[in-house]
Amino acid sequence: MHTRHREPQLLGNEATLERMARILAARNIEPADAALPDDAEPFSPLDALLAGMPPRYQAAVADHPMVLEWVRKVTDAAVAPSRGARRQVTTGPSLLMAGVVGAGKTHQAYGAVRALVSSGVGVRWRATTAADLYADLRPRPGVDSERELAAVSRCPLLIIDDLGAAKASEWVEEVTYRLINRRYNYELPTLITTNLAIKDLRSYLGDRVASRLAQMTTRVEFEAVDRRRHSAAA
C-alpha cells in the first residue's frame, strides 16, 4: 500500500458533521450540493470512518485471532473523558504483524480499526506507510518536520504500514526511534506491518527501536502465502 498519511480521524457524534464538512471541502463539493433530505439517516461513526479510509480497505474485516484479541484489549482500555461521554481510545497495547508481501497484514490493520469503531468506542487515528512517513518528515524549506513528527507521535492510534521497506540510514533509524520511543513511553496503541522477518528487524531498525518494539508489541507472523496472487489466480 502506498497511501499518504491521513490527518487524525475524530469519530464520535459531536465530530461527525465537522468530519464530513472537511471531506466535502477536500473534494471541492459545496455543502449545499450535498444537502440531504430532512428524513435522511444521520451519519454514523462507521460512516465517518469509511469516508477517511482508502477505498480498497473500506470493507476490510479483521479475522485473525491475535488481531481480534488486540481489538478487545484496546476496547477494554478505552476511557470516557467525562461522565456520560463516549469512551475513547487513549492508551493500549500495540501489534506488530510480519509476513510476506500480500499476506493480508494491511487488510487486517484496517479491519482492526473498523472493529474498534463497531465496538462503540471513539478513536482518533491516522495511517501511513513507512516510506511516506519518512518523506513527510525529511527537513525541507517551508515545512515544520518537528511539528509533524510530534503530531504523528501523539496520535492515539497509528498504523505504520511496510516498516522496513524504506532504505536504511542513520537518519531513518533516528526518526523511527524518536517516533517509537514516544509511543512506547505514552503507551499509545500502534499497528505496525512489515515484510521483514521478525529476526531481521533488529539489523534494520537498530537495537534501541527493536528493544522497544519487543516490549510494546505482540508479534504476529503471517503464513508465507501471498494472498493477492492467490486471489488473482482464483
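The chain folds into ten helices and five strands, where helices (H or I, at least four residues) and strands (E, at least two) are DSSP runs numbered from the N terminus. This is a predicted model, in which local features need pLDDT of at least 70 and side-chain atom pairs count only at pLDDT 80 or more, whereas totals for chains, interfaces and linings use all residues. Residues are numbered from 1 along each chain as its sequence is written, and side-chain values use heavy atoms, with hydrogens and water left out.

Of the 234 residues in the chain, 46% are buried; buried means under 20% relative accessible area, exposed over 50%, and partly exposed in between (1.4 Å probe, protein chains only). Among contacts between residues at least 6 apart in sequence, 84% join residues at least 24 apart, a contact being heavy atoms within 4.5 Å.

**Aromatic pairs and charges over rings**

The whole structure holds three aromatic pairs, counted where rings of Phe, Tyr and Trp (its six-membered ring) have centres within 6.5 Å, with planes under 30 degrees apart called stacked, over 60 edge-to-face and the rest tilted. One of them is stacked, because the rings of Y57 and Y110 have centres 4.9 Å apart and planes at 10°. Since Y57 lies in the loop between α2 (45-51) and α3 (65-77) and Y110 in helix α4 (residues 105-118), this pair ties together parts that are 53 residues apart in sequence. Y57 and Y110 are both buried, and ring pairs link Y57, Y110 and W125 into a cluster.

Another pair, Y134 with W171, is edge-to-face, because the ring centres are 6.2 Å apart and the planes stand at 70°. Y134 belongs to helix α5 and W171 to helix α7, so the pair ties together parts that are 37 residues apart in sequence. Y134 is buried, at 3% relative accessibility, while W171 is partly exposed, with a relative accessible area of 25%.

Two arginines lie over tyrosine faces, as tabulated below; a charge sits over a ring if NZ of Lys or CZ of Arg is within 6 Å of the ring centre and within 35 degrees of the ring normal.

| Charged residue | Ring | Distance to ring centre |
|---|---|---|
| R182 | Y186 | 4.9 Å |
| R208 | Y177 | 4.0 Å |

**The cavity**

There is one cavity of 30 Å³ or more, and the largest cavity has a volume of about 40 Å³. On a 1 Å grid over the protein atoms alone, a cavity is a set of points where a 1.4 Å probe fits but cannot get out, and lining residues have an atom within 4 Å of a point. The lining of the largest cavity consists of A130, L133, Y134, I160, L163, T176, L179 and I180. Helices α5 (130-137) and α7 (170-185) each supply at least two of the lining residues.

E173 is found in helix α7 and is partly exposed, at 29% relative accessibility. Leaving aside residues up to four places away in sequence, E173 touches L205, G206 and V209. The C-alpha atoms of E173 and D207 are separated by 9.8 Å, although these residues are 34 apart along the chain.

D162, a residue other than glycine, has a positive phi near 60°; D162 sits in the loop between β3 (157-161) and α7 and is buried, with a relative accessible area of 15%. E187 likewise has a positive phi, near 55°, and is placed in the loop between α7 and β4 (190-194), where E187 is exposed, with a relative accessible area of 52%.

Definitions and conventions:
On a 1 Å grid over the protein atoms alone, a cavity is a set of points where a 1.4 Å probe fits but cannot get out, and a pocket is an open set with protein on both sides within 12 Å along at least five of seven lines; lining residues have an atom within 4 Å of a point. Grid points are joined across faces, edges and corners, and a volume is the space filled by probe spheres set on the points.
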